[in-house]
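Welcome! Please take a moment to look over the sequence and the 3D view before reading on.

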Amino acid sequence: MSSKTSRIPEVKCPVCGVESLTEQETQHDVDYFGPVLLTTIICANCGFKHSDVICLNVQEPSSISTSIEGPEDLKMSVVRSGNATIRIPELGVVITPGPIAEGFISNVEGVLERVEQVTQMLLRDPKKRDRAERFLQRIKEAKDGRLKFTLIINDPLGNSAIIAKDERKIKRRKLTKRQIEKLTVRR
């Protein structure tokens with residue numbers, strides 16, 4: 001793993017407008033996937049942060065999926081580029097890329113924790129509180145390994161992956177041109 005940090009000259013932070021951005025690039029070798037570059041931009045003034053994952057090998061547009069059937073499956077590694085869409089159909093979860101979508105390297109449990117954090121913000125709204133509480137209970141069941149679900153990543157650039165010790169648990173297929181167009185139109 002190699003790392004490099006540098007100041008980004010003459011570029012203002014999108015949040016505070018101050019020229020105080022630095023970029024950190026860290027190269028990781030992800031088992032069964034290959035080398036990736038994790039880039040993180042940070043504002044020293046306000047703390048704004050944006051990350052992305054870039055695959056250093058050429059990949060084809062792909063859909064990757066796996067069935068999560070118990071606690072051990074929650075440990076599978078997840079590499080998500082900022083261009084990828086994550087879906088968990090059984091929970092109604094869809095994480096779509098946007099202009100400031102972040103890439104990350106985590107595991108399945110970490111993906112559930114990200115969904116949980118966003119949902120907890122809904123608890124502040126009295127009209128959405130009951131529904132959010134019920135949804136958080138389902139997330140807890142999933143994190144405890146008591147709820148079976150499917151994790152699907154669709155990446156038009158092929159920079160994402162789900163990595164398991166048993167590669168037979170992972171299904172990978174090439175995206176069609178139409179699927180790629182639908183994914184890239186959302187941005």
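Here is a short tour of the whole chain, followed by a few of its residues.

This is a predicted model, in which local features need pLDDT of at least 70 and side-chain atom pairs count only at pLDDT 80 or more, while totals for chains, interfaces and linings use all residues. Residues are numbered from 1 along each chain as its sequence is written, and side-chain values use heavy atoms, leaving out hydrogens and water.

**The chain as a whole**

- You will find 3 helices and 12 strands in the chain; these are DSSP runs numbered from the N terminus, with helices being H or I of at least four residues and strands E of at least two.
- Along the principal axes, the C-alpha atoms fill a box of roughly 50 × 45 × 35 Å.
- Among contacts with a separation of 6 or more, 59% join residues 24 or more positions apart, where contact means heavy atoms within 4.5 Å.

**Inside and outside**

- Of the 187 residues, 43% count as buried; buried means under 20% relative accessible area, exposed over 50%, and partly exposed in between, with a 1.4 Å probe and protein chains only.

**Glutamate 116**

- Helix α1, residues 108-121, holds glutamate 116.
- Glutamate 116 counts as buried because its relative accessibility is 17%.
- Its side chain makes a polar contact of 2.9 Å with the side chain of lysine 143; such a contact is a pair of N or O atoms within 3.5 Å, where within protein one must be able to donate a hydrogen and the other to accept it, and residues adjacent in sequence count only if both atoms are side-chain atoms.
- Leaving aside residues up to four places away in sequence, glutamate 116 touches Leu136, Ile139 and Lys143.

- Glutamate 10 has a positive phi of about 60 degrees although it is not a glycine.
- With a relative accessible area of 71%, glutamate 10 is exposed, whereas valine 11 is partly exposed at 35%.
- Valine 11 touches Val18, Glu19, Ser20 and Leu21, not counting residues up to four places away in sequence.
- From C-alpha to C-alpha, valine 11 and threonine 22 are 9.8 Å apart in space, and they are 11 residues apart in sequence.
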